[in-house]
Amino acid sequence: MHLVCAACGTINRVAEEHLGSEPTCGHCKAELMAARPVVLNDAVFDKFTIRTELPVLVDFWAEWCGPCKMMAPQFEQAAAQMPRVRFAKVETDANPKASVRNRIRSIPTLVLYRGGEEVARRMGAIGATDLLRWLQQQLAMAKQA
């Protein structure tokens, strides 16, 4: 399975049976499967969402956004409970290219990617329980398609 390092953009090959054994990047030694959101920037966004073979859920947010700040701990809590989904955050003001290419019009916006393709989108703040429920529904629907 291919996993892209959010820190350096290196594509790492990890055997599926080793995903739970805290794999690290072969280049920079950053954790590849941390049970918390990773930070993406314009430089690594496309490679991370396209080449990571697990589903990727991205939270587009901004530092000045109150609902984004309220949702941040909920997003982290959900990430800890869904280890087979890569959770990522993109700060929209600091990363305008990723935000424009993904047509982010309001924040917070959650976008679920699989193989680089957007499979679901949700706007507005959401609690961890509802986020997990929504994510599980979207993953189930994506499997059926």
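A residue is called buried when its relative accessible area is under 20%, exposed when that area is over 50%, and partly exposed in between. In this predicted model, Arg103 has a relative accessible area of 44% and is therefore classed as partly exposed. Arg103 is found in the loop between helix 3 and strand 6, and its phi is near 50 degrees, a positive value in a residue other than glycine.

A positive phi near 55 degrees is also found at Glu22, again in a residue other than glycine. Glu22 belongs to the loop between strand 2 (11-13) and strand 3 (38-39), and with a relative accessible area of 64% it is exposed, because this value is over 50%. Most residues other than glycine have a negative phi, and most peptide bonds are trans. A cis peptide bond, with omega about -5 degrees, joins Ile107 and Pro108; Pro108 is placed in the loop between helix 3 (96-101) and strand 6 (109-114).

The side chain of Lys89 is joined to that of Asp59 by a polar contact of 2.6 Å.

Key:
Residues numbered from 1 in each chain as written. Predicted model: local features only at pLDDT ≥ 70, side-chain atom pairs only at ≥ 80, totals over all residues. Heavy atoms only, no water. Polar contact = N/O pair within 3.5 Å; in protein donor to acceptor, adjacent residues only side chain to side chain. Helix = DSSP H or I, 4+ residues; strand = E, 2+ residues; numbered from the N terminus. Buried < 20%, exposed > 50% of the residue type's maximum accessible area, 1.4 Å probe, protein only.
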